[in-house]
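Here is my note on the ligand site and pockets of this model. Please read it with the structure open.

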Amino acid sequence: MPLDLTILVGTMTGKAQLVAQEIELMLDDGDTRVQTRMMDGLGAEAFAAGGLFLVCTSTYGQGDVPDNAKALYESLLTVRPDLSSVQYGVVALGDRTYKDTFCNGGRRFDAILSELGAKRIGDILFHDASSHMLPEEAAVEWVGPWMERVREQVDVEA
Ligand SMILES: Cc1cc2nc3c(=O)[nH]c(=O)nc-3n(C[C@H](O)[C@H](O)[C@H](O)COP(=O)(O)O)c2cc1C
């Protein structure tokens, strides 16, 4: 049975969007149906139908989510929906130069989603913009094993 994955993109200068596009290209093969959505204009209802999500977001300001992710993040904090039917992964883009707030955008989403009952699958991918590796390369390496974890989970629950 095909697996539906929604990638939610929080970005300022487009790197997280590029990451999402590469992941979609890699995964969208009939077995997995991928829909990528920019976070602009989204609120907590984006998670209402439940299912599998990949939050792909960078970090700005002083460890904040990017501007286009703010409404969604704030909405989760205030509406506080029950997300027990949501499973998710996180690709967090940041820069270790900001050592106290490294990848906090992704960490913030992880914290609120798990607080609301959603279940994270696998470890967060933390990408460091000051490293030698491009975020889309790191993401393509990370997402294969992540999807294996997802499929194991789906089999356990079937
Ligand atoms: C003004 C500014 C503030 C930033 N603040 C942080 C931060 O607090 N923590 C962090 O880990 N990265 C921080 N970054 C790094 C970005 O998150 C990183 O470059 C990321 O790859 C950008 O992805 P995007 O193009 O999808 O927005 C900052 C970058 C800029 C330009």
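**Pockets and ligand site**

1. The second largest pocket is lined by 13 residues, and nearest its centre lie Met1, Pro2, Leu3, Asp4 and Val154. A pocket here is an open set of points on a 1 Å grid over the protein atoms alone, with protein on both sides within 12 Å along at least five of seven lines; lining residues have an atom within 4 Å of a point.

2. The model is predicted: local features need pLDDT of at least 70, side-chain atom pairs count only at pLDDT 80 or more, and totals for chains, interfaces and linings use all residues. Residues are numbered from 1 along each chain as its sequence is written, and side-chain values use heavy atoms, with hydrogens and water left out.

3. α4 (135-157) gives the most to the lining of the second largest pocket, with 5 residues. Helices (H or I, at least four residues) and strands (E, at least two) are DSSP runs, numbered from the N terminus. β1 (3-10) and β3 (51-57) are also among the elements that each supply at least two residues there.

4. The ligand takes the space of the largest pocket; a molecule sits in a pocket if more than half of its atoms lie within 2 Å of its grid points. α1 (15-27) and β4 (86-94) each give two or more residues to the shell around the ligand.

5. A polar backbone atom of Cys103 is 2.8 Å from a ligand oxygen. Polar contacts are pairs of N or O atoms within 3.5 Å.

Definitions and conventions: Polar contact = N/O pair within 3.5 Å; in protein donor to acceptor, adjacent residues only side chain to side chain. 1 Å grid on protein atoms, 1.4 Å probe; cavity = no way out; pocket = protein on both sides within 12 Å on 5 of 7 lines; lining within 4 Å.
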